[in-house]
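Below is a short note for a colleague who is opening this model for the first time. Please read the points with the structure in view.

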Amino acid sequence: MAIDGPSGSGKSSTAKGVASARDLWYLDTGAMYRAMTWWMQHHGVDADDAAAVAEAAGRPDISMGTDPAAPTVHVDGRDVAREIRTQQVTAGVSAVSAVPAVRERLVAMQRETIALARSRAAGIVVEGRDITTVVAPDAQVKIYLTASAEARAHRRSGELSGSDIDAVQADLARRDLLDSSRADSPLTQTADALELETTGLGLDEVVAILLELTDRAVAAAGAGDRSGAGKAVGEKQAEGSAAR
């Protein structure tokens with residue numbers, strides 16, 4: 001399953017919920033870009049200096065755990081799971097993630113993790129901003145999560161230490177613009193991805209919807225119906241439109 005969407009749309013909580021419920025691997029690609037940003041800042045590399053970031057992009061050793069119950073993030077052997085969630089890292093991550101050398105390296109790592117999961121017959125839920133478009137365009141189920149600006153700000157402020165709601169909302173607007181307008185792999189929704197607006201939905205409701213899509217896609221694949229996942233997404237889109 002590939003899940004894309006802007007910051008605060010509920011990607012991480014939803015992806016972990018789905019992965020835990022179906023005993024799947026989980027990969028938070030946004031945390032990888034945060035880890036890269038943390039390393040740059042920790043080593044005095046200006047996040048806004050694209051050339052300097054590109055030159056250093058191959059140096060950090062980034063390791064991601066894929067257990068949805070306890071995902072880990074290590075940089076050069078150091079646990080940085082909490083440190084990458086600071087406002088300082090948040091302020092620099094869009095600039096760092098826009099550098100092609102950074103994206104090239106991390107996308108390659110992400111694809112390696114997906115290939116490893118497949119080689120071990122283990123499904124995987126991957127979330128980020130370019131999963132359906134670049135990293136895994138062949139995913140069985142493609143989801144685009146979104147929510148109102150207010151809801152996203154409240155969710156993100158709960159994740160970041162020392163945050164202010166108004167400041168978080170302003171920063172989300174800034175990141176939305178940067179992420180959707182960057183030249184390399186901008187945040188966008190594919191035509192075959194289900195858009196799920198999560199503002200009025202609880203986490204359990206969102207997870208339940210995605211679990212149904214996952215189960216139907218797996219059943220369709222087992223029956224040899226390669227269009228099954230697309231049909232499931234299309235039906236959910238129609239149900240969502242009718243409900244609204």
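How closely do the axes of H2 and helix H5 come, and at what angle do they cross?

1. The model is predicted: local features need pLDDT of at least 70, side-chain atom pairs count only at pLDDT 80 or more, and totals for chains, interfaces and linings use all residues. Residues are numbered from 1 along each chain as its sequence is written, and side-chain values use heavy atoms, with hydrogens and water left out.

2. The axes of H2 and helix H5 (residues 100-119) come within 11 Å and cross at roughly 135°. That makes H2 oblique to H5 (angles under 35 degrees count as roughly parallel, over 145 as roughly antiparallel, 65 to 115 as roughly perpendicular and the rest as oblique). Axes are lines fitted to C-alpha atoms, for helices over the stretch in contact, and angles run from 0 to 180 degrees between N-to-C directions. Helices and strands are DSSP runs, numbered from the N terminus (helices: H or I, at least four residues; strands: E, at least two).

3. Residues of H2 that meet H5 are Thr-29, Met-32, Tyr-33 and Met-36. Their counterparts in H5 include Val-102, Leu-106 and Met-109. Contact means heavy atoms within 4.5 Å.

4. H2 also packs with helix H4 (residues 87-97), at an angle of about 105° and with the axes 8 Å apart. That makes H2 roughly perpendicular to H4. On the H2 side the contact residues include Tyr-33, Met-36 and Trp-38, and on the H4 side Val-89, Gly-92 and Val-93 are among them. Tyr-33 and Met-36 are also among the H2 residues that meet H5.

5. Five strands form an open sheet with parallel pairing, in the order E2-E6-E1-E7-E8. Strand E2 (25-28) and strand E8 (194-197) stand at the edges with a single partner strand each, so one side of each is left without a neighbour in the sheet. Neighbouring strands of this sheet are turned by 20° against each other on average, direction ignored. Two strands pair if DSSP finds at least two bridges between them.

6. Strand E1 (residues 2-4) and strand E6 (residues 124-128) run parallel and are joined by three bridges; Ile-3 stands opposite Glu-127 in E6. H1 packs on the sheet, touching E1, E2, E6 and strand E7 (142-146), and its direction makes about 180° with that of E6. Helix H2 (residues 29-42) packs on the sheet too, where it touches E2 and E6 and its direction makes about 45° with that of E2.

7. E2 and E6 pair in the parallel sense over four bridges, and Asp-28 stands opposite Glu-127 in E6. Both faces of E2 are covered: Trp-25 and Leu-27 on one side, and Tyr-26 and Asp-28 on the other, are all buried. Buried means under 20% relative accessible area, exposed over 50%, partly exposed in between (1.4 Å probe, protein chains only).

8. In helix H1 (residues 11-21) the buried residues are Lys-11, Thr-14, Ala-15, Val-18 and Ala-19. Seen down the axis of H1, these residues fall within an arc of 125°, so they line one face of the helix. The arc is that of the directions from the helix axis to the C-beta atoms.

9. Asp-23 is not a glycine, yet has a positive phi of about 55°. Asp-23 lies in the loop between H1 and E2 and is exposed, with a relative accessible area of 69%.

10. Ser-185, not a glycine either, has a positive phi of about 55°. Ser-185 sits in the loop between helix H8 (165-181) and E8, and counts as buried at 12% relative accessibility.
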